[in-house]
Amino acid sequence: MKLNTRPITFSLFLLIECAGTHGNVMGEATNVSAVAEDYPIKPVRLIEPFGAGGGPDLLARAMAQQLSQLWSQAVTVENIPGAGATAGPAQVAKSPPDGYTLLVNTSAQAYSAVLSKDLPYDPLKDFIPIAPLTRQPYVLITGKSTGITTVGELIAAAKSKPGQLKFGSTGVGTGTHLGLEKFNLAVDIKAVHFPAGRSDAIADVIAHNVAGDTTYMMAPIPLALPDIRKGRLRALGVSGARRSPLLPKVPTIAEAGVAGFDFPIWYGLWAPAGTPAGVIDKLVKDIGRVLAGQSLRDWVTKHGGEPMNMTQPEFARFVLSESESAAQIIKAAGIKP
């Protein structure tokens, strides 16, 4: 995705936030260095907002194991799903900015910033992006009961019943929602959004699709794969620019006739705003070290992911750029908060 110059303002904001918000930056330099040198001195919590078994959860647990070994401290993963995948970020936003409560989230963190009027936190200002973790395509799926077997058949079914088909998502403004809004716009179809309930995890959303409560949805491939293999779901296309090694026979949505379509899911790590610069630097260094390790690289490849090679400032600009792209989709689709 092409970056513009606008995100530079945000990266400057991040540098100010990372330096510390409770006193003179130069005056606190020694203290920050001491904090960074000792960090972590107690267990670290990784908060994951989609529920056990999903892509972010699995990646967080694989990463937690590596970080525990590196730090000689317990690193735990806590699943806090619900509220359209915003309950987890809300808890991290109000946590002490000391590096001991971190957020593992998807691109939804950037997208929700556009629809943040009713959220108890600001997805951009209340967090510091630490590092991108991986990206991979979604899979466009439909339940067996629909009888739909291709992207073309889905488009035809939607056009024959304008405004009647339902598409599921993990919540308004999440990647699973905006990816389908982008798809609907690209193929000029109208359908009804059926978002997750307040307590639903992504597994529940997929279960609704299996049951026929929704006609189609986008899901992280690893989580949809068991039902695809059992024949309860049909994989119509993957949302990235390339096919997934997890579903090598399934075409990309672009190959299936929607020219130029590309909407991957990506994962990242965030800390509460105000976390000391030294702690952020330590996290950036250690997360990079873990991601570069052979065991985690093999794990990411096995689960259909690919690396995102960005520095921390580049990731901060990328997050803002993704938020701006989401705003364009939301405006074009007429989505209301």
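The model is predicted, and its pLDDT averages 88 over the protein, with 89% of the residues scoring at least 70. The secondary structure comes to 12 helices and 9 strands, and buried residues make up 53% of the 337 residues in the protein. Of the contacts between residues at least 6 apart in sequence, 79% join residues that are at least 24 apart.

**Confidence along the chain**

- Over residues 1-30 the pLDDT stays under 50, and for this stretch the model has 39 contacts beyond four places in sequence.

**The nonpolar core**

- In soluble globular proteins, nonpolar side chains tend to be buried together.
- The largest nonpolar core here has 95 residues, and the residues with the most contacts inside this core are M63, L140 and F183.
- Strand β4, which spans residues 127-143, supplies the largest share of this core, namely 9 residues.
- When residues up to four places away in sequence are not counted, L140 touches V151, L154, L180, F183, Y216, M217, M218, R234, A235, L236, G237 and I253; F183, one of these partners, is itself listed with L140 among the residues that have the most contacts inside the core.

**The pairing of helices α8 and α9**

- The axes of helix α8 (residues 202-211) and helix α9 (residues 221-229) come within 11 Å and cross at roughly 30 degrees, and the crossing is right-handed.
- On the α8 side the contact is made by I202, A203, I206 and V210, while α9 contributes L223, A224 and D227.
- By class, this contact of α8 with α9 has 6 nonpolar residues, no polar residues and 1 charged residue.

- S323 lies in helix α12, which covers residues 312-333, and S323 counts as buried because its relative accessibility is 7%, where the cut-off for buried is under 20%.
- Leaving aside neighbours within four places in sequence, S323 is in contact with A110, A113, V114 and L124.
- A292 belongs to helix α10 (residues 277-292), and with a relative accessible area of 47% A292 is partly exposed.
- A292 and P307 are 15 residues apart in sequence, and their C-alpha atoms are 9.3 Å apart in space.

- Most residues other than glycine have a negative phi, and most peptide bonds are trans.
- A cis peptide bond joins Y39 and P40, with omega at about -5 degrees, and P40 is found in the loop between α2 (29-38) and β1 (44-48).
- S72, a residue other than glycine, has a positive phi near 55 degrees; the place of S72 is in the loop between α3 (55-71) and β2 (75-79), and S72 counts as exposed because its relative accessibility is 64%, where the cut-off for exposed is over 50%.
- D188 is likewise not a glycine and has a positive phi of about 60 degrees; D188 is found in the loop between α7 (175-187) and β6 (192-195), and at 60% relative accessibility D188 counts as exposed.

Methods. Residues numbered from 1 in each chain as written. Predicted model: local features only at pLDDT ≥ 70, side-chain atom pairs only at ≥ 80, totals over all residues. Heavy atoms only, no water. Axes fitted to C-alpha atoms, helices over the stretch in contact; angles between N-to-C directions. Helix = DSSP H or I, 4+ residues; strand = E, 2+ residues; numbered from the N terminus. Left-handed = near helix turned anticlockwise from the far one by under 90°. Contact = heavy atoms within 4.5 Å. Nonpolar A, V, L, I, M, F, W, Y, C, P; charged D, E, K, R; others polar. pLDDT = per-residue confidence, 0-100. Core = buried A, V, L, I, M, F, W, Y, C linked by side-chain atoms within 4.5 Å. Buried < 20%, exposed > 50% of the residue type's maximum accessible area, 1.4 Å probe, protein only.
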